[in-house]
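The entries follow in the order I checked them.

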Amino acid sequence: MMNISRLTFAHLPTPLETLPRLSDALGGPQLLIKRDDQTGLAFGGNKTRKLEFLVAEARDQGAKTLISGGALQSNHCRQTAAAAARFGFKCILVLSGDEPEHPSANLFLDELFGAEIMHVAERKDRDRILQETFDRASKEGMKPYLVPYGGSSPTGALGYAFAMKELMEQNSRVDWIVFATSSGGTHAGLLLGQRMFGYKGTVLGISVDESEKWLKDHVSELASLASDKLGKRIEFIPEEVLANANYCSAGYGVLTERDREAIRLFATYEGLLLDPVYTGRAAAGMIDLIRKGFFKKDETVLFLHTGGQPALFADQYANKI
């Protein structure tokens with residue numbers, strides 16, 4: 001295996017906990033939770049694992065500025081801004097959504113970490129403006145490094161390849177790993193880690209916003225490219241990617257009644273906070289599948305908590321859960 005540059009700032013290993021009261025309430029399989037909301041950087045979250053590799057790559061390339069983009073309440077951008085502050089990079093974020101009069105939640109934290117914010121009214125224009133921002137920074141000698149959406153590049157995906165090894169060392173008998181999937185980096189990393197470390201269970205991504213076909217195509221390609229980083233190509237095919245897109249028809253960041261119920265069930269039975277965009281939706285899908293008998297009662301299902309709780313305090317979600 002090739003030597004891969006990595007900065008070690010995440011709080012690892014993250015805890016693995018049982019969910020006895022929620023398991024009893026749902027009458028289904030034994031539920032566990034992997035607390036990647038506790039990775040330590042700026043309220044934690046799954047992007048921290050990816051940033052250990054991405055920021056190391058930026059440093060190795062001599063970059064001085066981290067540039068990334070996302071939605072107004074992007075968890076990824078919050079953690080990127082924090083990593084930039086910690087390691088002495090300038091940070092520019094291109095965020096889609098109307099600029100609020102008073103920034104809240106993740107957006108407030110982005111500003112607190114010193115990031116320069118560029119607001120884009122329409123999501124469809126974000127890619128273009130992100131590239132223009134990168135090109136301008138290059139011309140101005142800012143030595144930019146483009147951190148992909150969600151940290152989901154072959155380099156970023158390595159964070160979850162090695163997270164699989166960590167998980168197996170904590171509990172190798174988990175039958176299912178269930179999590180929110182969107183930009184595909186976490187999903188691809190877990191798929192690669194499954195192959196690398198011999199995980200015998202099933203990796204199931206609950207889509208937050210993308211179609212099943214897109215996820216199968218994108219995640220398999222990303223996992224293959226990530227394997228190249230380790231020195232030996234592993235070819236993944238779309239059929240190896242398990243993704244469920246039955247719970248995202250409302251659209252990205254649109255809170256549904258099913259999402260609300262999932263957030264409340266985790267809070268009232270286990271004292272755990274989910275977020276309204278990613279983990280709330282993934283948990284809603286998992287709970288629905290439990291009720292439909294998708295999982296066997298004697299199986300163990302692990303819910304990967306990818307963080308995002310600051311969004312609970314965003315103006316568009318506060319008092320609506």
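**Entry 1: T14.** I started with T14, which counts as buried at 1% relative accessibility. The model is predicted, so I read every value here as computed from that prediction. T14 sits in the segment before β1, which spans 16-18. Which residues does T14 touch, leaving aside those up to four places away in sequence? I found K34, R35, D36, Q38 and T39. R49, E166 and Q170 are also on the list of residues touching T14.

**Entry 2: cysteines.** Next I looked for disulfides, and the structure holds 0. The cut-off for a disulfide is sulfur atoms within 2.5 Å. I also checked burial. C77 is buried, at 0% relative accessibility. C248 is buried too, with a relative accessible area of 11%.

**Entry 3: α9 and α10.** Last, I took the helix pair α9 (residues 257-270) and α10 (residues 279-291). Their axes come within 8 Å and cross at roughly 90°. Which residues make the contact? From α9 I noted R258, D259, E261, A262, I263, L265 and F266. From α10 I noted G280, R281, A283, A284, M286, I287, D288 and R291. I sorted the residues of this contact by class: 8 are nonpolar, 6 charged and 1 polar.

Key
Residues are numbered from 1 along each chain as its sequence is written. This is a predicted model: local features need pLDDT of at least 70, side-chain atom pairs count only at pLDDT 80 or more; totals for chains, interfaces and linings use all residues. Side-chain values use heavy atoms; hydrogens and water are left out. Buried means under 20% relative accessible area, exposed over 50%, partly exposed in between (1.4 Å probe, protein chains only). Axes are lines fitted to C-alpha atoms, for helices over the stretch in contact, and angles run from 0 to 180 degrees between N-to-C directions. Helices (H or I, at least four residues) and strands (E, at least two) are DSSP runs, numbered from the N terminus. Contact means heavy atoms within 4.5 Å. Ala, Val, Leu, Ile, Met, Phe, Trp, Tyr, Cys and Pro count as nonpolar, Asp, Glu, Lys and Arg as charged, and the others, Gly among them, as polar.
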